[in-house]
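I opened the model to look up a few residues and strands. My entries follow in the order I made them.

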Amino acid sequence: MPVRTPDPDPNESDDQGTPRDPLGGIGASFGVPGRPLGDGTFGSPAPGNAANPGWLTDIELAEARRRLPMLYVEAIPVRTDGVGAVTQVGILLRATPLGEITRSIVSGRIRYGETVRDALFRHLENDLGPMAFPLLPPQPVPFTVAEYFPIPGVSAFHDDRQHAVSLAFVVPVTGTCEPRQDALEVTWLSPEEAASDSLAAEMEGGRGTLVRLALASVGALR
């Protein structure tokens, strides 16, 4: 599963201009000022990321993954015809940190304090570009909840780094997709091609199953 750490947010500062931990530190609810950033405590954002209390260092993220399930959103971008039937499915081509090329879908973590809808929009824009124009309802509803485990065989989905729970969505896009970040290319396939065994073999973590579930949920799997 691709790793998406949140983008830096503008600094949140005290009256002297010192960046603070927006969580306020222990006792903040009793009027005690928050601890300064960079004090080494777990969950205290580094200077420059103060406004986002969900920002974790690499060490903190590894520790959180060892102890807690991680919450993700995943999206299968589609193109539809005039009556809303799915005509094409967008599959991403990605390069892994090890230099391997795999097929995947839009995927990423939800930030602390972020709505599911905002997380979906952010990751769709990150992977497909600002001109993709995804059509998101005011209150998105996932077609399934995928559970990724570090131990193979527990479910259809596998992530050797962590236990992750993913809310999965089918999202129509109407604009031009220009892949960014670690997405190298968007390949538009017919529903039949997207559900094929050959594509499933190229996809990471069992996401071929997720694509088939997505197509079945919109009546495009025959």
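I count a contact when heavy atoms lie within 4.5 Å. The model is predicted.

Entry one, a serine. I located Ser-166 in strand S7, residues 164-172. Leaving out residues up to four places away in sequence, I found that Ser-166 touches Tyr-72, Val-73, Glu-74, Thr-144, Val-145, Ala-146 and Tyr-148. With Glu-74, Ser-166 also makes a side-chain polar contact of 2.7 Å. I then looked up the relative accessible area of Ser-166, which is 0%, so Ser-166 is buried.

Entry two, strand S2. I checked residues 86-95 and found seven of the ten buried, so S2 is largely enclosed by the rest of the structure. Which strands pair with S2? I noted S1 (residues 70-80), antiparallel, with three bridges; S8 (residues 183-189), antiparallel, with six bridges; and S3 (residues 101-104), antiparallel, with four bridges. For individual bridges, I recorded Thr-80 with Val-86 of S2, Val-89 with Leu-189 of S8, and Arg-94 with Thr-102 of S3.

I looked at the turns next. S1 and S2 form a hairpin with five residues between them, and Gly-84 in that turn has a positive phi of about 90°. The hairpin of S2 and S3 also has five residues between its strands, with Gly-99 in the turn at a positive phi of about 90°.

Within residues 207-217, I found Arg-207, Gly-208, Leu-210, Val-211, Ala-214 and Leu-215 buried. These residues lie on the same side of H5, because they cover an arc of only 160° around the axis. After H5 I noted Gly-219, with a positive phi near 70°.

Methods. Residues numbered from 1 in each chain as written. Predicted model: local features only at pLDDT ≥ 70, side-chain atom pairs only at ≥ 80, totals over all residues. Heavy atoms only, no water. Buried < 20%, exposed > 50% of the residue type's maximum accessible area, 1.4 Å probe, protein only. Arc of directions from axis to C-beta. Polar contact = N/O pair within 3.5 Å; in protein donor to acceptor, adjacent residues only side chain to side chain. Pairing = 2+ DSSP bridges.
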